[in-house]
Amino acid sequence: ANEESATKSKRISAAWNNKRNLASTRPLTRLAPAWLEFSENKNTFLVNAERACIVKNIFKMCANTCGLWAIAKNLNETKVATFGKSKVWNKSYISKIIHNRAVLGEFQPHKLISGKRKPEGEPIKNYFPVVVEEGLFYLAQAAINERTVNKKGPKGITFSNIFTGLLYCGTCGAKLTLRNRGKLPKGGKTLICNNKLIGVGCTMPDWKYQAVEQLIFQHLYE
């Protein structure tokens with residue numbers, strides 16, 4: 001039984017490697033990014049022109065100093081149709097698009113290892129139709145890296161927001177997000193409703209973070 005299982009595994013692996021070698025002329029899978037469609041007749045990927053235009057505009061906005069929240073707000077306020085089941089554009093989905101090298105035509109095969117998807121081998125170039133020029137792609141990456149101030153990881157002895165994940169909007173129920181608007185007196189840290197931030201209708205005013213922190217601690221003694 002073990003020998004038979006090992007033989008099957010080798011055959012499947014060999015078949016996959018053969019498919020990979022032919023990937024430039026024959027797709028490995030029908031699955032494609034949201035801005036592409038698989039044509040059964042032509043056995044290739046076709047560009048959805050409307051969605052590809054949206055993707056390119058996202059990269060242009062990002063490269064031209066628009067942050068992820070601002071891009072989401074722009075798309076929501078101008079009523080741009082979303083790609084998936086969600087009715088609104090959000091920061092995380094836009095981030096996935098901007099970091100997805102499939103816009104350059106690359107495809108990264110994966111395999112399941114202990115229930116988790118892990119990259120297998122090098123990305124296959126010229127697999128998908130290109131929808132974003134390489135120069136624009138890297139301009140967007142550089143812009144994001146430049147704007148990333150509060151990175152994930154250990155916080156040390158200080159915290160930007162000790163209430164992360166705990167505060168919700170009293171008007172619509174969405175989570176509150178911390179925004180740092182620079183130095184005082186004009187700037188400072190504020191708590192803002194996520195729905196207001198992405199432009200989907202909430203009118204809850206921003207809260208000064210320092211004031212919220214002080215008010216809460218005035219009533220907590222332990």
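Reader: Why does asparagine 43 count as partly exposed?

Author: Its relative accessibility is 36%. Buried would need a value under 20%, exposed one over 50%, and partly exposed lies in between. At 36%, asparagine 43 therefore counts as partly exposed. Please keep in mind that this is a predicted model.

Reader: Thanks! Where is asparagine 43 found?

Author: Asparagine 43 sits in the loop between S1 and strand S2 (44-47). Its phi is positive, about 55 degrees, although the residue is not a glycine.

Reader: And asparagine 126, what makes that one exposed?

Author: The cut-off for exposed is over 50%, and asparagine 126 has a relative accessible area of 63%, so it is exposed. Asparagine 126 is placed in the loop between strand S4 (116-119) and H5. Here too phi is positive, at about 60 degrees, in a residue that is not a glycine.

Reader: How do you know that serine 39 counts as buried?

Author: Buried means under 20%; serine 39 has 12% relative accessibility, so it counts as buried. Serine 39 belongs to strand S1. Setting aside neighbours within four places in sequence, serine 39 is in contact with Thr44 and Leu46.

Reader: How much of the chain is made up of buried residues?

Author: Buried residues account for 30% of the 222 residues in the chain.

Reader: Let's turn to the helices. How do H2 and H3 pack?

Author: Helix H2 (residues 49-63) and helix H3 (residues 68-77) pack at an angle of about 135 degrees, and their axes are 10 Å apart. The crossing of H2 past H3 is right-handed.

Reader: Which residues of H2 and H3 meet?

Author: From H2 come Ile58, Met61 and Cys62, and they meet Ile71, Asn74 and Leu75 in H3. Sorted by class, this contact of H2 with H3 has 5 nonpolar, 1 polar and no charged residues.

Reader: What about H2 and H4: why is H2 called roughly perpendicular to H4?

Author: H2 and H4 pack at an angle of about 95 degrees, with their axes 10 Å apart. That makes H2 roughly perpendicular to H4, as the range for this term is 65 to 115 degrees. Val55, Ile58, Phe59 and Cys62 in H2 meet Ile94, Ile97 and Ile98 in H4. The contact of H2 with H4 has 7 nonpolar residues, no polar and no charged ones.

Reader: Then why are H3 and H4 described as roughly perpendicular to each other?

Author: H3 and H4 pack at an angle of about 105 degrees, with their axes 9 Å apart. The range of 65 to 115 degrees applies again, and H3 and H4 are therefore roughly perpendicular to each other. The contact involves Leu68, Trp69, Ile71, Ala72 and Leu75 of H3, together with Lys91, Ile94, Ser95 and Ile98 of H4. By class, the contact of H3 with H4 has 7 nonpolar, 1 polar and 1 charged residues.

Reader: Which residues have the most contacts inside the largest nonpolar core?

Author: They are Val55, Ile58, Phe59, Trp89, Ile94, Ile98 and Val103, in a core of 35 residues. Strand S1 (36-39), H2, H3, helix H4 (91-99) and helix H5 (134-147) are the elements that give two or more residues to this core. H2 gives the most, with 7 residues.

Reader: Isoleucine 58 keeps coming up. Which residues does isoleucine 58 touch?

Author: Not counting residues up to four places away in sequence, isoleucine 58 touches Ile71, Leu75, Trp89, Ile94, Ile97 and Ile98. There is also a second, separate core of 11 residues, which includes Phe163, Leu167, Cys169 and Cys193.

Reader: To finish with the whole chain, how many helices and strands are there?

Author: The chain has 7 helices and 7 strands. From the N terminus on, the elements run α-β-β-α-α-α-β-β-α-β-β-α-β-α.

Reader: And how many of the contacts join residues at least 24 apart?

Author: Among contacts between residues at least 6 apart in sequence, 48% join residues at least 24 apart.

Conventions
Residues are numbered from 1 along each chain as its sequence is written. This is a predicted model: local features need pLDDT of at least 70, side-chain atom pairs count only at pLDDT 80 or more; totals for chains, interfaces and linings use all residues. Side-chain values use heavy atoms; hydrogens and water are left out. Axes are lines fitted to C-alpha atoms, for helices over the stretch in contact, and angles run from 0 to 180 degrees between N-to-C directions. Helices (H or I, at least four residues) and strands (E, at least two) are DSSP runs, numbered from the N terminus. A crossing is left-handed if the near helix is turned anticlockwise from the far one by less than a right angle, and right-handed if clockwise. Contact means heavy atoms within 4.5 Å. Ala, Val, Leu, Ile, Met, Phe, Trp, Tyr, Cys and Pro count as nonpolar, Asp, Glu, Lys and Arg as charged, and the others, Gly among them, as polar. A nonpolar core is a set of buried Ala, Val, Leu, Ile, Met, Phe, Trp, Tyr and Cys residues joined through side-chain atoms within 4.5 Å. Buried means under 20% relative accessible area, exposed over 50%, partly exposed in between (1.4 Å probe, protein chains only). Angles under 35 degrees count as roughly parallel, over 145 as roughly antiparallel, 65 to 115 as roughly perpendicular and the rest as oblique.
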